[in-house]
Amino acid sequence: MSSSHLYPPPEAAVKGAYVSGIEAYNKLCAEAEADYEGFWARHARDTVTWKKPFTKVLNESGAPFFKWFEDGTLNVSYNCLDRNVERGLGDKTAIIFEADDGKVTKVSYKQLLAQTSQLANALKARGIKKGDRVVIYMSMSVEGVVAMQACARIGATHSVVFGGFSAQSLRDRIEDAGAVAVITADEQLRGGKQLPLKAIVDEALALGGCDSIKNVIVYKRTGGNIAWTAGRDEWLHDVVAGQSTTCEPEWVEAEHPLFLLYTSGSTGKPKGVQHSTGGYLLHAALTTKWTFDLRPDDVFWCTADIGWVTGHTYIAYGPLALGGTEIVFEGVPTYPDAGRFWKMIQDHKVSIFYTAPTAIRSLIKAAEANAAVHPKSYDLKSLRILGSVGEPINPAAWEWYHQHVGGGRCPIVDTFWQTETGGHMITPLPGATTLVPGSCTLPFPGIMAAVVDETGKEVPWGQGGILVVKRPWPSMIRTIWGDPERFKKSYYPEDFKGKYYLAGDGAIRDEKTGYFTITGRIDDVLNVSGHRMGTMEIESALVAHTELVAEAAVVGRPDDTTGEAICAFVVLKRPRPTGDEAKRIAKELRDWVGKEIGPIAKPKDIRFGDNLPKTRSGKIMRRLLRSVAKGETITQDTSTLENPAILDQLSQSN
């Protein structure tokens, strides 16, 4: 690790930071090592307001189904809204909403509390109560955050579904959760286009299996023409009209499920990741405070969608729990041009900016092609901290981000975490950590991360292995909704005697510093633009085109823009196509996958073959397909293949 690639924390970042200097970081880690439960209990008491204080910290008796602060009661919405109003922050701006067309709306804590209370009362009036599940299918909006907060206020468990998912994907999630209501919008605006939401909800419910849904509440965003089912569908503005702006919070147990968030699994069926209330809120608030060093006068902007966990933890909950001011952005980074992000930072005086490597890489290309949308054409002096999320950031993109967006003065917090972890696990702290481009550096205080081999034994620093977490932590996944066995098998496998949390990623620690670098997934889940997609899910969608497709195998390959690209190998029920016919069928299949799962799942490459590389027992050799997808010369042993010649065909196929 050469010194030219080391970036010590700037003096301005160290000064006044919540965790100031590496000694302060080491002290926190030492405290957690010496008294693990005491460490988390202290921060739970300091960070969260409890209705009934907890006396039990960690219950490991049902491992791996751990419980934190289980006898305490609290309410997340109270912690994010009422508490700030009571502290005298009622008139402080909570959310600066910038619409797709550039229109800006500011909402104070007092206003956000009133809107949340009205919707909470409306939900209660419709019989929705503690423990019921509510699906939220909305784009980025104040109303989306309000819907999440309103569910939390009455103890209903929300499940937000990303607005880009298809009707089938939405239906599957509604059915699995047993949701009683859907909150949606007529349409969403993205990049100057009106895209359907309510129509997709209607299609999902018409597919069957969603008989639990009694109410569909629709936010009128565009006023577009939509179908209506009397007795089920209601406008949001109608349901909140006349409702009181006060609503007593439902005080729930710390282990009460705050939300379900579905993430792709390698077996095809999406997994309903279940998060608790108390432990999740603690980690959301504490990571926002320490990783971003969020201060009262900051303007914080996380560009994620509320349909992903990043939008939960670092939009809907973390910044609001700390009384912060944050941006909620409806649009896309390239509309009306690729300078949109930089203009917004300039206009709103954003001081903390948190985005994905995919966005950075696409904006690098745009900036190099057009000086007008280069960050240097904007005043970005308000920035003091930059963040990266969703996938490892490659060093070249890190350096560009640091130099051209941060002006060489802003620490970059390259955060590693997952839907299942609830918040940051391995991350620099801006006032404490010396940075290395491409490395997520050191574990968040209190997180016991390690790199092990297949037997669970720690490997020496400098040797690659499997990333695990050795001790349970407050914001961890509690179970997979309705499938505890799958939870155990996925995250606490027998290989490790069920004692370590398996992150599903490979990692390596630097020989000298112990810094972690994530090396990629160890299972069949792809990371496309920071979104996890199961290969089985995409394969299932392709094979569902029964008229055309006989067989399909999906792998990932590195991609400069999206981090990982989806590459599909397809065997048709007709002779292998070539030329224009191959292009036409590939487009048809891409569109089909987009309809079945969502646009994010469309394969970038589709290659046609007479067959797939299989062992004599019929197993598809995906490791060989990964090499083909990358354009590598096959050097692995192919003696077990039944049809080795197929590799040449697939290598030449486009």
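This report looks at one helix pair and a few backbone features in a predicted model.

Residues are numbered from 1 along each chain as its sequence is written. Because the model is predicted, local features need pLDDT of at least 70, side-chain atom pairs count only at pLDDT 80 or more, and totals for chains, interfaces and linings use all residues.

**A helix pair**

Let's start with helix H7 (residues 167-177) and helix H8 (residues 198-206), which pack at an angle of about 60° with their axes 8 Å apart. Helices here are DSSP runs of H or I with at least four residues, and strands are runs of E with at least two, numbered from the N terminus. The contact (heavy atoms within 4.5 Å) involves Ala167, Leu170, Arg171 and Ile174 of H7, together with Ile200, Val201, Glu203, Ala204 and Leu205 of H8.

**Backbone features**

Most residues other than glycine have a negative phi, and most peptide bonds are trans.

| Peptide bond | Omega | Loop holding the proline |
|---|---|---|
| Ala63 to Pro64 | near 5° | between strand S1 (58-59) and strand S2 (67-68) |
| Tyr335 to Pro336 | near 0° | between strand S17 (325-329) and helix H12 (340-348) |

Positive phi values turn up too. Lys349, in the loop between H12 and strand S18 (352-355), has phi near 55°. Ser529 has a positive phi of about 55° and sits in the loop between strand S26 (525-528) and strand S27 (531-534). Lys349 counts as exposed at 54% relative accessibility, whereas Ser529 is buried with a relative accessible area of 17%. Buried means under 20% relative accessible area, exposed over 50%, and partly exposed in between, using a 1.4 Å probe and protein chains only.

Technical notes
Side-chain values use heavy atoms; hydrogens and water are left out. Axes are lines fitted to C-alpha atoms, for helices over the stretch in contact, and angles run from 0 to 180 degrees between N-to-C directions.
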